Amino acid sequence: MIAAFLPRPLAASGDRSRPAQLLLLALLVLLLLTSAVSLAVGAADVSPLNVLGAWLSGEEISIRERVILFDIRLPRMLTGLVIGAALAVSGAVLQGLFRNPLADPGLVGISAGAGLGAVSAIVLGSALPATIAAAAGFYLVPIAAFLGGWVTVLCLYRIATRAGQTSVATMLLAGIALAALASAGTGVLVTLADDAQLRDLTFWGLGSLAGASWVKLLSAAPIMLAGLACAPLLTRALNALALGEAAAMHLGISVQRIKALAILSVAASVGAAVAISGGIGFVGIVVPHLLRLAIGPDHRFLLPASALLGATLLLAADIAARTIVAPAELPIGIITALVGGPVFLWILLRKRGLVDV
Amino acid sequence: MRYAIVLAACLAAPLQVAAQERVVVAGSALSEITAALGQTHRLVGRDQTSTYPAEIEALPDLGYLRALSAEGLLSLNPDLILADADAGPPETMDLVASTEIPVVRITADFTAEGVIERIAEVGQALSVDPAPLQAEVQASFDALAEARAAHPPLRAMFILTAQGGQITAAGSDTAAEGILHLAGAQNALQGFSGYRQITDEAITNAAPDVLVMMERTGDHSLEDADLQSHAALSLTPAVRDGRVIRMEGSYLLGFGPRTPDAALQLLHAMWE
């Protein structure tokens with residue numbers, strides 16, 4: 001009788017590694033299914049199974065089917081996969097690093113910096129010397145977005161680092177200031193823009209995977225994958241950081257190195273993601289929160305699970321974006337915000353005190 | 001019987017040099033020209049701006065002209081795509097071109113000659129003789145020129161949007177300036193190209209005799225009361241004399257076969 005009021009043994013509530021492993025497996029299966037649907041579904045009536053059958057039996061595949069399957073759907077599916085994983089893992093890493101559940105690439109200025117880069121390229125691109133503009137071509141906007149994100153993070157890191165110590169609180173606050181500055185710069189450029197450029201800005205700002213192509217994927221994916229590859233190196237340190245910086249140091253974590261690695265890997269992932277897909281919101285904040293409800297805050301499971309669920313959600317949102325109003329398309333940012341907003345509110349209501357930590 | 005038809009079709013085919021029967025059109029002027037050439041039955045898709053004539057609205061809508069989806073376009077199985085110079089994005093147009101579906105870009109030039117040239121290009125792409133339609137439209141342009149000669153030029157300003165009292169107006173190289181010129185008016189705003197937000201002082205300096213706007217519902221339109229209460233606009237001769245003209249957007253700015261009529265209607269409205 002009394003036992004019911006005693007705290008339950010740590011092992012029972014604390015060790016969630018078995019359910020977490022099961023969840024990882026389930027998420028992997030879900031991701032594979034979603035990827036398959038993403039290849040099979042679209043505005044055009046092209047079935048990958050039929051094309052595969054035709055290919056195996058040596059029949060000729062029409063150019064139309066080849067282009068739709070291999071030049072439109074496949075690079076788009078892979079792009080969605082990498083971007084979804086990169087955004088969700090970045091969100092989880094930042095939340096762990098800042099020990100703040102609201103941390104998100106949008107908050108620390110990376111997205112705003114990348115946005116400023118992209119807007120500059122759209123509005124001022126025509127003023128560039130013709131040789132540079134011709135060499136950069138379609139990639140002018142992505143390159144500028146990536147540079148914008150990186151420059152913002154490097155500034156942030158310099159501002160927050162004094163005598164070899166990086167203050168996480170300063171970084172968070174300076175991030176808000178830099179985001180405001182970048183938005184102001186974007187605002188100035190928007191007033192300079194003409195009508196056609198404004199329409200481009202709107203479509204870019206809402207985010208879309210519509211521009212996905214092999215060239216873009218091959219140029220941006222290695223950067224995002226490099227960012228993702230840092231995640232396993234961070235798990236132990238982020239777990240230790242949850243106890244506070246001093247405690248983490250006593251556990252033998254090189255806190256300063258971890259901060260640098262975390263923030264730079266996130267900047268690389270998010271800069272590259274924003275560069276090819278525009279500003280896709282809510283994946284970085286909703287996915288880690290949902291997973292913490294299910295498997296707890298252990299980063300050994302949280303980071304891989306975020307990668308899997310982030311990729312799955314973004315692919316699902318993209319499937320919706322390109323089929324609901326077919327043959328036209330919706331910007332994917334609308335879908336992620338429409339789904340992400342209510343889910344996030346539900347998490348908040350379910351788990352009061354989340355933001356009062 | 002069916003074989004006879006197929007046979008007849010096979011025999012007829014070489015005569016009509018590979019006429020495409022599944023045409024997607026992106027650009028409102030192009031769909032109007034296609035319809036005026038009597039080829040509406042060959043259309044299988046359109047962009048969001050192509051809404052005239054009304055029968056075209058029933059076709060699948062590909063979305064905004066500058067944000068077309070490659071798979072969306074291909075899903076309609078077109079064998080010809082007629083695209084305005086503004087159609088894009090370039091990635092989409094490149095992907096579609098890689099499927100060997102012919103994509104014909106039609107030039108955009110906001111003059112009477114530009115409209116006649118567009119009709120020729122669309123006619124050629126559709127393998128239809130454009131001469132009768134060209135002659136008809138040219139006759140309307142000639143009548144317009146006569147009407148224009150009867151009046152001294154006015155100074156006009158075209159207002160695109162007025163969100164929150166902030167006026168966005170047309171500069172050079174715009175369809176709006178083109179239609180003002182055709183209606184015998186000068187653009188009161190000089191020194192910038194495209195559509196721009198302009199300051200209140202620039203409006204008073206421009207001192208237009210006429211204001212031209214698109215007629216539409218929603219928060220973009222300016223009612224007469226708004227014009228009177230707008231500090232800068234209320235000082236212009238246009239508002240003082242009540243010379244404010246509102247016309248339907250795609251009719252006014254389309255630069256298709258209806259353009260001479262639109263310009264004539266605008267001209268009459270200016271001199272009412």
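E91(B) is buried, and K216(A) is buried too. These two residues form a salt bridge, with their closest N and O atoms 3.1 Å apart. The pair crosses between chains. E91(B) sits in helix α4 (residues 90–97) of chain B, while K216(A) sits in helix α10 (residues 214–229) of chain A. Keep in mind that this is a predicted model.

The side chains of R322(A) and E71(B) meet in a salt bridge, at 4.0 Å from N to O. R322(A) lies in helix α15 (residues 299–323) of chain A and E71(B) in helix α3 (residues 70–75) of chain B, so this pair joins two chains. Are R322(A) and E71(B) buried or exposed? Both are buried. The two also belong to a network of salt bridges. Its members are R73(A), R76(A), D318(A), R322(A), E329(A) and E71(B).

Now count the salt bridges. Between chain A and chain B there are three. Over all chains the structure holds 11. One of the 11 pairs D298(A) with R300(A), whose closest N and O atoms are 2.7 Å apart. D298(A) has a relative accessibility of 21%, and the cut-off for buried is under 20%, so D298(A) counts as partly exposed.

Step back to the whole interface. Here 25 residues of chain A are in contact with 25 residues of chain B. The size of an interface is often given as the accessible area lost when the parts come together. Chain A and chain B bury about 2200 Å² between them. Of that area, 61% is on carbon and sulfur atoms. Seven residue pairs are in polar contact across the interface, counting pairs with both residues at pLDDT 80 or more. Which elements of chain A give two or more residues to the side that touches chain B? They are α4 (63–98) and α9 (195–206) of chain A. α4(A) gives the most, with seven residues. The residues on this side of chain A divide into 14 nonpolar, one polar and 10 charged.

Next, look at chain A by itself. Its secondary structure comes to 16 helices and two strands. Of its 357 residues, 50% count as buried. How do its contacts run along the sequence? Take the contacts between residues at least 6 apart in sequence. Among these, 78% join residues at least 24 apart.

Helix α11 (residues 231–241) of chain A shows burial in detail. Its buried residues are A231(A), L234(A), T235(A), A237(A), L238(A), A240(A) and L241(A). An α-helix has 3.6 residues a turn, so residues three or four places apart point the same way. What covers the buried residues of α11(A)? The cover includes α4, α10, α12 (245–250), α13 (255–277) and α15 of chain A.

Further along is I334(A), in helix α16 (residues 332–350) of chain A. I334(A) counts as partly exposed, because its relative accessibility is 32%. I334(A) and A321(A) are 13 residues apart in sequence, and their C-alpha atoms are 8.5 Å apart in space.

Turn to the cysteines. A disulfide is a covalent bond between the sulfur atoms of two cysteines. The count over all chains is zero disulfides. C155(A), at 34% relative accessibility, counts as partly exposed. C230(A), at 15%, counts as buried.

Last comes the backbone. Most residues other than glycine have a negative phi, and most peptide bonds are trans. The peptide bond from A326(A) to P327(A) is cis, with omega near 5°. P327(A) lies in the loop between α15 and α16 of chain A. Another cis peptide bond joins Y52(B) and P53(B), with omega about -10°. P53(B) is in the loop between β2 (43–46) and α3 of chain B.

Two residues of chain B have a positive phi. For D173(B), phi is near 55°. D173(B) is in the loop between β6 (166–170) and α7 (175–182) of chain B. F255(B) has a phi of about 55°, and F255(B) is not a glycine. The loop between α12 (249–253) and α13 (259–270) of chain B holds F255(B). Which is buried and which is exposed? D173(B) counts as exposed because its relative accessibility is 64%. F255(B) is buried, with a relative accessible area of 1%.

Notes: Residues are numbered from 1 along each chain as its sequence is written. Chains are lettered from A and ligands numbered from 1 in the order in which they are written. This is a predicted model: local features need pLDDT of at least 70, side-chain atom pairs count only at pLDDT 80 or more; totals for chains, interfaces and linings use all residues. Side-chain values use heavy atoms; hydrogens and water are left out. Contact means heavy atoms within 4.5 Å. Buried area is the accessible area (1.4 Å probe) that two parts lose on being put together, summed over both. A polar contact is a pair of N or O atoms within 3.5 Å; within protein, one must be able to donate a hydrogen and the other to accept it, and residues adjacent in sequence count only if both atoms are side-chain atoms. Helices (H or I, at least four residues) and strands (E, at least two) are DSSP runs, numbered from the N terminus. Ala, Val, Leu, Ile, Met, Phe, Trp, Tyr, Cys and Pro count as nonpolar, Asp, Glu, Lys and Arg as charged, and the others, Gly among them, as polar. A disulfide is a pair of cysteine sulfur atoms within 2.5 Å. Buried means under 20% relative accessible area, exposed over 50%, partly exposed in between (1.4 Å probe, protein chains only).
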